[in-house]
Amino acid sequence: MAGEHGASLRNCYNTKPVMQLTVSLRPANAKDCSMLWEWANNPMVRASAFKTDPIPLEDHTQWFEEKLRDPHCFIFIAENEEGIPVGQIRFDIEPDGRAVIDLHVAPRQGGRGYGTMLLKKGLERFSAETKTSCVYSCVKVGNDPSRKMFEKTGFALEEQKVVRGEKVYYFTFCRP
Ligand SMILES: CC(C)(COP(=O)(O)OP(=O)(O)OC[C@H]1O[C@@H](n2cnc3c(N)ncnc32)[C@H](O)[C@@H]1OP(=O)(O)O)[C@@H](O)C(=O)NCCC(=O)NCCS
């Protein structure tokens, strides 16, 4: 499905790595279920979410199986040079055609540049595989690593607003 839209989106952001790190992306698969459950329950990840309670394994398993079947959902796992999984990024295409981004790095992998690389490479991959032209993410005010990551990757800070009772930065990225 790579086409003109994908190429346009790919050309709209800086793809230069911020550090001498490389990650490669692969689609998530059923074997990633328990790893992603552990990552999702990392306190740093829960704190960044709207629902901060720990996620039971049964709930996660059912949710993840549905996401893997959903043609509007794209989940990629980032692996470092040693093949160690270091993060995940998910794009959910919504009915209006925009996609919402969720991403996090693995426990103990923060602050190494992986999040920024994952976001850039995830955008490249997603734009190559879909015609989606606009993506967005809501970042809780106070989540500075996430805010910096979106700013560095060329996202526009549209506004600060309240979503589900939380003050958030609303970041968007659209092809021209
Ligand atoms: C947001 C997240 C993906 C960033 O990943 P990361 O690999 O730690 O980020 P990077 O190393 O690429 O750094 C991005 C920026 O945040 C800064 N940063 C990273 N960790 C930080 C910390 N603990 N405190 C303050 N700043 C931090 C970095 O210095 C960098 O800014 P700089 O370029 O000005 O130096 C990661 O913190 C995470 O998984 N958080 C929990 C989930 C989340 O918040 N997701 C985003 C909402 S969708």
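Residues 24 or more positions apart supply 63% of the protein's contacts with a separation of 6 or more, a contact being two residues whose C-beta atoms, placed from the backbone, lie within 7 Å. This is a predicted model, with pLDDT of at least 70 needed for local features and 80 or more for side-chain atom pairs, while totals for chains, interfaces and linings use all residues. Numbering starts from 1 along each chain as its sequence is written.

Let's begin with the fold. The protein has six helices and seven strands, where helices (H or I, at least four residues) and strands (E, at least two) are DSSP runs, numbered from the N terminus. Along the sequence they come in the pattern α-β-α-α-α-β-β-β-α-β-α-β-β. The seven strands make an open sheet with mixed pairing, in the order 1-2-3-4-5-7-6; two strands pair if DSSP finds at least two bridges between them. Strand 1 (24–27) and strand 6 (156–163) sit at the edges with a single partner strand each, so one side of each has no neighbour in the sheet. From one strand to the next, the twist averages 30°, with axes taken as lines fitted to C-alpha atoms (for helices over the stretch in contact) and angles running from 0 to 180 degrees between N-to-C directions.

Now for some of the pairings. Strand 3 and strand 4 run antiparallel and are joined by seven bridges, one of which links Phe-91 to its partner Ile-101 in strand 4. These two strands form a hairpin with five residues between them, and Gly-97 in the turn has a positive phi of about 95°. On to strand 5: strand 4 pairs with strand 5 in the parallel sense over two bridges, and Ala-99 has Val-135 in strand 5 as its bridge partner. Strand 4 is also mostly covered, with five of its seven residues buried. Here buried means 20 or more other C-beta atoms within 10 Å of a residue's own, exposed means 12 or fewer, and partly exposed is in between, with C-beta atoms placed from the backbone.

What about the protein as a whole? Buried residues make up 28% of its 176 residues. Leaving out residues up to four places away in sequence, Leu-118 touches Val-23, Ala-78, Gly-87, Ile-89 and Leu-103. In soluble globular proteins, nonpolar side chains tend to be buried together.

Next comes the ligand. It is surrounded by 23 residues, the closest being Ser-48, His-104, Gly-110, Gly-115 and Thr-116; a residue belongs here if its C-beta atom, placed from the backbone, lies within 6 Å of the molecule. Two or more residues of the shell come from each of helix 3 (43–48), strand 4 (99–105), helix 5 (114–129), strand 5 (134–140) and helix 6 (144–152). Helix 6 gives the most, with six residues. By type, the shell divides into eight nonpolar, 10 polar and five charged residues.

Seven bridges join strand 6 to strand 7 (residues 166–174), and the two run antiparallel, with Val-163 bridged to Glu-166 in strand 7. Arg-164 lies in the loop between strand 6 and strand 7, and has a positive phi of about 50° although it is not a glycine. Most residues other than glycine have a negative phi. Arg-164 is exposed, with 8 other C-beta atoms within 10 Å. Phe-50, from the loop between helix 3 and helix 4 (57–69), touches Arg-164 and Glu-166, not counting residues up to four places away in sequence. Is Phe-50 buried or exposed? With 11 C-beta neighbours inside 10 Å, Phe-50 counts as exposed. Arg-108 has a positive phi as well, near 70°, and is found in the loop between strand 4 and helix 5.

Methods
Ala, Val, Leu, Ile, Met, Phe, Trp, Tyr, Cys and Pro count as nonpolar, Asp, Glu, Lys and Arg as charged, and the others, Gly among them, as polar.
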